[in-house]
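I opened the model to look up a few local features. My entries follow below.

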Amino acid sequence: MTVNEAVPRGEGVPFTPRPVKAGADDPVEVRMTVNGTPTALSLPARVTLADALRDHLGLTGTHVGCEHGVCGMCTVLVGGEAARACLLFAVQLDGADIVTVEGLGRPDALHPLQESFGRHHALQCGFCTPGFLMSSYDLLTNQPDVTEEELPEELSGVICRCTGYRNILTAVDETRRAHPEGVPAPGNCGRTALVGRAGQGADASDGPDETENAASSGTQDIVLPGGDPTIAVRITTGIDLPEDRVWGVLDDIHLLARCLPGAELTDDYGHGHYAGRARVSVGPVKLTFNGVAQILEHDRAAGRLRAIAQGQDTGGAQTQADITLTTEATETGTAMHADAKVYLTGRIAQFGRALAGDVSRRMFEQFADAVTEAAASGQAPSGPVKAPSALSLVFAPLLDRVKRLLRRGGRRRRGGREKER
């Protein structure tokens with residue numbers, strides 16, 4: 001498969017195509033700036049920009065309709081110009097500047113186009129809305145002198161099936177009249193704006209009006225809610241390795257992140273602040289959380305590491321956690337204790353405390369196993385540590401019961417042999 005690798009070239013034209021040979025499933029490193037946030041992805045060459053935005057960055061505001069570039073639902077801005085995300089391979093856009101509908105405005109500070117669409121009920125079912133918003137932004141930015149009579153033809157590249165064109169045209173025309181010199185720039189493009197609908201979350205940017213440090217450092221402190229957590233988990237694991245070997249993993253945050261089930265570190269802001277992504281799958285429910293983490297304590301001598309984190313998925317589910325890892329030397333190696341207080345809101349909280357607790361406990365068990373592997377080898381686990389599946393949650397209690405029975409049987413046999421002696 002031949003794809004085009006991007007080469008930066010001037011404002012408004014983010015890349016010049018250059019042929020690069022790659023198999024359809026071969027991973028290719030891609031670095032883009034999406035809604036003001038630099039991001040790096042390793043993607044198969046066949047992945048479209050639309051799928052990269054939705055499935056890998058959690059930006060599901062970019063809708064996929066016909067997948068042939070006809071309906072316009074997947075319209076985004078590439079280098080300030082409207083483009084069909086379903087017709088572009090993500091690997092073509094190395095070095096590109098992408099803006100999606102999530103970057104247009106925030107819930108507490110909508111873009112004028114969004115305000116006008118709401119005022120004139122130009123939303124209908126909402127499926128075509130992101131495409132119309134981005135296409136309208138492109139039109140009013142590059143052709144601010146477009147006339148009311150020209151709007152139907154200029155916006156015909158996006159298809160609405162709710163017969164809502166009249167209201168849509170009225171909304172765009174109102175914005176055109178209010179901003180004859182061109183509409184304001186997108187208002188939610190900042191260093192930490194890659195969280196889908198997370199405009200009201202603490203990890204969302206306040207847009208370009210912030211000070212440069214706040215916009216680029218990602219060092220906002222995380223504030224956990226008061227009251228009792230949704231789940232409180234304590235897991236103790238025995239590791240047959242000296243404590244120093246275990247702390248060889250805990251001291252390396254990037255290696256430690258590779259041991260977290262379903263998680264990956266996406267950015268290091270310094271000063272103990274990090275950005276990351278976590279995936280959880282329970283049966284048909286699949287959640288991808290984008291968020292930030294902050295290391296509060298990292299004391300090897302005391303055997304204590306404490307971190308707090310928060311994340312949000314594109315459906316509005318939020319999770320916050322206060323996690324403390326402690327270690328102590330034992331006769332056979334090291335005992336590692338993981339204490340976590342987890343606060344859940346949104347649809348993930350609907351799982352119930354029992355199921356959410358099972359998922360959390362299983363994830364910490366997998367984490368402990370991965371830390372053991374990394375401490376023994378001095379390297380990251382051989383494969384990605386996947387989040388627990390529904391099947392593993394069903395069979396985990398059964399396997400634990402079998403292990404307990406085997407251990408009990410072993411003790412009885414040893415006791416019997418001692419009596420015979």
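**Notebook: charge, rings and backbone**

I started with D145, which is exposed because its relative accessible area is 63% (exposed is over 50%, buried under 20%, partly exposed in between, with a 1.4 Å probe and protein chains only). The model is predicted, so I kept in mind that local features need pLDDT of at least 70, side-chain atom pairs count only at pLDDT 80 or more, and totals for chains, interfaces and linings use all residues. Residues are numbered from 1 along each chain as its sequence is written, and side-chain values use heavy atoms, with hydrogens and water left out.

I placed D145 in the loop between helix 3 (129–142) and helix 4 (151–154); helices (H or I, at least four residues) and strands (E, at least two) are DSSP runs, numbered from the N terminus.

Next I looked up the aromatic pairs and found 1 in the structure. F132 and Y165 form this pair, edge-to-face, with 6.2 Å centre to centre and 80 degrees between the planes (centres within 6.5 Å make a pair; planes under 30 degrees apart are stacked, over 60 edge-to-face, the rest tilted). The pair links distant parts of the chain, with F132 in helix 3 and Y165 in helix 5 (residues 165–178), 33 residues apart. I noted F132 as buried because its relative accessibility is 1%, and Y165 as partly exposed because its value is 35%.

Last I checked the backbone. E67 is not a glycine, yet has a positive phi of about 60 degrees. I found E67 in the loop between helix 1 (49–56) and strand 5 (75–78).

Conventions
Rings of Phe, Tyr and Trp (its six-membered ring) pair if their centres lie within 6.5 Å; planes under 30 degrees apart count as stacked, over 60 as edge-to-face and the rest as tilted.
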